[in-house]
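Welcome! Take a look at the structure first, then try each task before reading on.

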Amino acid sequence: MAKNLVIVESPAKAKTIEKFLGKDYIVKSSIGHIRDMPKKGMGIDIENNFTPTYEITADKKKVVADLRKAVKNSQQVYLATDEDREGEAIAWHLLEALGLAKDTPRIVFHEITKGAITNAISSPRIVDQQLVDAQQARRIIDRLVGFEISPVLWRKISGARSAGRVQSPVMRLVVEREREINDHAATSTYKVKAELTNSALEVVDVKLNKDFSNKAEALEFANALIGKDLSIASIEEKPSKRSPKLPFITSTLQQEASQKLGFSVKQTMTLAQNLYREGAITYMRTDSFTLSEVAISAAEKIIKKEFGNEYHQPRRYKTKDASAQEAHEAIRPTDLSKPNIFGIEEQAARLYSLIYKRTLACQMSDAQLQKTQVKINIFERDEQFLANGEVLTFPGFLRAYDYLSAEDKLLPNLNQGDKLKLASFCAKESFSKPKPRYTEASLVKKVEEMGIGRPSTFASMVSTVQDRNYVTKETREGAQREFQLVEIKDNSVVESCATETVGAEKNKLFPTSVAYLLNDFLVKNFNNIIDYEFTAKLESDFDTIAADGVAWQGVVQNFYDPFHTQVELAKDISRDETHGVRDLGTDPKSKKPVSVRFGRYGAFAQIGHKDDEEKPAFASLRGELVIETITLEEALELFNMPRTVGETDDFGIIKANYGRFGPYIQYGKKYVSLKEISPEEVSLKEALELIKAKEKFDAERIIKTFKDSEIQVLNGRYGPYIWNGKKKGKGQKNITIKKVFGDKSPADLTLEECQKAITDKPKSKVKKKKTVKKTVKKTAKKTAAKK
């Protein structure tokens, strides 16, 4: 019997820790949370000071039973869940569920190393109730929001699944940025670049110190420049430096992994968590920039050995944010003598390398540079040409972490007063740009700056808005745009026009049609849910509970009272108010109005009106199209389906179209899904290949068919069965042959036998149960009424 039981969150973490502890210890895992509020009902007694009801979740009953058995067989129990508030809450739930004493030792560590574990065991504390209360307040408020607002949204907004307290402001950021982009009116200017040569015919790249607001100004300057004397007015040299970035915290790791490695926020956190559980890095959910003295000392030894004494510069960082509470140290390797780790998946190894280099670089010297600016006068003109050079004189931290370009930009040998000649000249029309769309990483950076959420919630905030189909991550090709050029060639001014690709995006976040709808509804009716300052203030309130012991019930009460009032008012809002129609114009063919709106199955375009004698035509919005920005031309294009692909003797007319479940090919009464080719692009040859593949599959699947009947005997996943020829949702019935006919050969079944089996098939047991329940309820009501 083991004397000591250590309970952690994850099985992987348990295995790693068990290596460091002797035979007197056994390490068990709770596999995350073991208790939560019940799935049915709110689980919160609002009238009794928001008292929550907790129960052991169904999937954790066996885990808890095993832990209880282990507790009975141990003399001492240690709670070693993660050191953030969520980990503290899990420790408290373990305390309650396992019937442990309140003074049960609680140990915390921010790295899984032998030294850290041993130190934690020797200096335990008890569960911090203030941290538990802070997490409990967050959980209860989030539960109240979800439970009360979701039914309102289901009734008022098609496609809206829920509106989380933290996710809603995140969705709002994406919607508002997209509207800024759509509202941006691009203005053009002409930027001048040129190549000059010195007496040795060495080229100097220069740019003009001003932009021109229109083509006429650019032309006037170009004509005036021909034949003008150019001379160097001044050469200014000054030293410069670049300092290393701070060590990683949760948000900066997510941002850098996105920019350098192309990882999603969720992927980064999954890999980091695995590295932590393997003991390779310190705790990954942190907003502290602090490094331990042990880590600083280890970095010093490695830097001096690998690069030399001059490359070492000790730095002790302090966290600016007073509310930093998730952990006590930045994210770093637990062993700085290992620049790489082997035996793990490639992506995890790449992330570890990034963390290692950043940690080492933050303890290294600044990079030293020499910057040069040359100003060149133009005879009888106020404008000047500028040439800039940069030379790296000492690489410093760039030796370890070259996130900045270390390439020299050299200038030829120049002196004040030197004469230069014009070799080439180009004034290019440039257009103003709106703010960029968010990436996952830049969205995390924004919410952190605004104080929305905490390190433990960043990844879930970004992934949840995508999981609920409020935001999509897309790569778009962009479109061609013309721009004007003014050049000097052979001492003559030449005008020309060229094209460039604009609007191309890679892994950027776009709002869906339902996001616009939901955002506007929340802004109008639930400002406290979606307001940035309010959300940040609530996060600050949670910090106050954790740090100062403020009663969590008061924070919940202050939030709930105005929120509940808004919920009650929102129930009276009509669906028409939330599902406004956007009129696009008139269909030139039918002369009927064209509009877009949101319906039961998503956004769609409509030609005509519901009151017209002829039924309106409908088409779902596809691809990048959203209600907010779709044009009349784009809407009319949707009605060009179905498209006739071709016709053959074997399969008749073949059509391509979009359906509720995606694009498809239709031939006769049969359908084939289109996976990689759009209905607009699929050729007859490609369509026939898909059709023949389906016919072959069906031939192998069909056992028997009957003349003048839709009924078929088919081979299925669970054996032969009878199909009545109807589609799912339209009376489909499948009868397992073995259950009805025993060992009879499916090929020997007659049409009459199949028809009888279909007719005799009983209704599903689930429906019977529901019918019984309804009958019981009705009977109970009648009985109560009689009494």
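**Exercise 1. Find the residues that Leu-98 touches beyond its sequence neighbours, and decide whether Leu-98 is buried or exposed.**

Step 1. Set aside residues up to four places away in sequence; Leu-98 then touches Ile-7, Val-64, Leu-67, Arg-68 and Val-71. Keep in mind that this is a predicted model.

Step 2. Locate the residue: Leu-98 sits in the loop between helix H3 (85–97) and helix H4 (114–122).

Step 3. Apply the cut-off. Buried means under 20% relative accessible area. Leu-98 has 10% relative accessibility, so Leu-98 counts as buried.

Step 4. Leu-98 and Ile-26 are 72 residues apart in sequence, and their C-alpha atoms are 17 Å apart in space.

**Exercise 2. Describe the protein as a whole: its helices and strands, its span and its buried share.**

Step 1. Count the elements: the protein has 23 helices and 29 strands.

Step 2. Take the span: along its principal axes, the C-alpha trace covers about 105 × 85 × 55 Å.

Step 3. Look at burial: 46% of the 787 residues count as buried.

Step 4. Turn to the contacts with a separation of 6 or more: 67% of them are between residues 24 or more positions apart.

**Exercise 3. Which residues have the most contacts inside the largest nonpolar core?**

Step 1. The largest nonpolar core has 150 residues, and Phe-109 and Leu-351 have the most contacts inside it.

Step 2. Ask which element gives the largest share of this core: helix H5 (residues 129–156) does, with 11 residues.

Step 3. Look around Phe-109. Leaving aside neighbours within four places in sequence, Phe-109 is in contact with Lys-13, Ile-17, Ala-80, Glu-83, Ala-116, Ile-117, Ala-120 and Tyr-276.

Step 4. Check for another core: a second, separate one has 26 residues, including Leu-196, Val-204, Val-206 and Ile-488.

**Exercise 4. How do helices H8 and H11 cross, and which residues make the contact?**

Step 1. Begin with the axes. Those of helix H8 (residues 250–261) and helix H11 (residues 346–361) come within 11 Å and cross at roughly 115°. This crossing is right-handed.

Step 2. List the contact residues. H8 brings Thr-252, Leu-253, Glu-256, Ala-257, Lys-260 and Leu-261, while H11 brings Arg-350, Leu-351, Leu-354, Ile-355 and Arg-358.

Step 3. Sort them by class: six are nonpolar, one is polar and four are charged.

Step 4. Stay on H11 for one more residue, Ser-353. With a relative accessible area of 15%, Ser-353 is buried. Apart from neighbours within four places in sequence, Ser-353 is in contact with Pro-339 and Asn-340.

**Exercise 5. Work out the order of strands S26, S27, S28 and S29 in their open sheet, and see what packs on the sheet.**

Step 1. The four strands follow the order S26-S27-S28-S29, with antiparallel pairing.

Step 2. Find the edges. S26 (702–705) and S29 (734–736) each have a single partner strand, so one side of each is left without a neighbour in the sheet. On average, neighbouring strands are turned by 25° against each other, direction ignored.

Step 3. Follow the links. A hairpin joins S27 to S28 through two residues, and five bridges connect this antiparallel pair. Val-713 stands opposite Ile-722 of S28.

Step 4. Move on to S29, which is joined to S28 (residues 719–723) by three bridges. Ile-722 has Ile-735 of S29 as a bridge partner, and Trp-723 has Asn-734.

Step 5. H20 (residues 684–701) lies across S26, S27 (712–716) and S28, at about 80° to S26. H22 (residues 751–760) packs on the sheet, touching S27, S28 and S29, and its direction makes about 80° with that of S28.

**Exercise 6. Is Phe-50 buried or exposed, and which is Glu-380?**

Step 1. Phe-50 lies in the loop between strand S4 (44–45) and strand S5 (51–52). Its phi is positive, about 60°, although Phe-50 is not a glycine.

Step 2. Phe-50 has a relative accessible area of 0% and is buried.

Step 3. Glu-380 is in the loop between strand S11 (367–378) and strand S12 (384–394). Its phi is also positive, near 60°.

Step 4. Glu-380 has a relative accessible area of 61% and is exposed.

Terms used. Residues are numbered from 1 along each chain as its sequence is written. This is a predicted model: local features need pLDDT of at least 70, side-chain atom pairs count only at pLDDT 80 or more; totals for chains, interfaces and linings use all residues. Side-chain values use heavy atoms; hydrogens and water are left out. Axes are lines fitted to C-alpha atoms, for helices over the stretch in contact, and angles run from 0 to 180 degrees between N-to-C directions. A crossing is left-handed if the near helix is turned anticlockwise from the far one by less than a right angle, and right-handed if clockwise. Contact means heavy atoms within 4.5 Å. Ala, Val, Leu, Ile, Met, Phe, Trp, Tyr, Cys and Pro count as nonpolar, Asp, Glu, Lys and Arg as charged, and the others, Gly among them, as polar. Two strands pair if DSSP finds at least two bridges between them. A nonpolar core is a set of buried Ala, Val, Leu, Ile, Met, Phe, Trp, Tyr and Cys residues joined through side-chain atoms within 4.5 Å. Buried means under 20% relative accessible area, exposed over 50%, partly exposed in between (1.4 Å probe, protein chains only).
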